[in-house]
Amino acid sequence: MPRTKGSKNRPKTNTTKDYASQIAEKKEQVVNLTTEIASIQKAIEEQKNTLKEKKSALKKAEKEVASLEAKKAKADAKAAEEAN
């Protein structure tokens with residue numbers, strides 16, 4: 001009968017598991033990820049504040065443009081009336 005593929009004669013790797021070092025590595029990884037997430041959230045908040053400022057400046061500029069266009073139309077109508 002042929003031998004099965006999962007041979008029992010192969011050398012076993014990592015027979016003694018060092019759980020303490022694995023736990024330390026994972027805790028370090030958790031700390032690193034937490035600090036990265038915090039920095040990303042801070043950057044997002046800064047970007048949101050910048051976006052809010054830019055939107056308010058845009059709204060103000062659009063109002064000024066609309067006001068100037070209205071004044072121009074009024075002046076053009078007055079000039080056309082005087083020309084007649």
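Accessible areas here come from the Shrake-Rupley method with a 1.4 Å probe, and for residues only the protein chains shown count as cover. On that basis, the protein chain has an accessible surface of about 8,600 Å², and carbon and sulfur atoms hold 57% of that surface. The model is a predicted one, so to speak of local features takes a pLDDT of at least 70, side-chain atom pairs count only at pLDDT 80 or more, and totals for chains, interfaces and linings use all residues. Residues are numbered from 1 along each chain as its sequence is written, and side-chain values use heavy atoms, with hydrogens and water left out.

As for the fold, the protein chain has 1 helix and 0 strands (both are DSSP runs numbered from the N terminus: H or I for helices, at least four residues, and E for strands, at least two). Of its 84 residues, 0% count as buried (buried is under 20% relative accessible area, exposed is over 50%, and partly exposed lies in between, with a 1.4 Å probe and protein chains only).

Searching the whole structure turns up 1 salt bridge, meaning a side-chain nitrogen of Lys or Arg within 4 Å of a carboxyl oxygen of Asp or Glu. The partners are D76 and K72, with their closest N and O atoms 3.7 Å apart. Both sit in helix α1 (residues 19-83), and because they are 4 residues apart, about one helical turn separates them. D76 is partly exposed at 43% relative accessible area, while K72 is exposed at 55%.

Then there is D18, which belongs to the segment before α1. D18 is partly exposed, its relative accessible area being 45%. Its side chain makes a polar contact with the side chain of S21 at 2.8 Å (a pair of N or O atoms within 3.5 Å; within protein, one must be able to donate a hydrogen and the other to accept it, and residues adjacent in sequence count only if both atoms are side-chain atoms).
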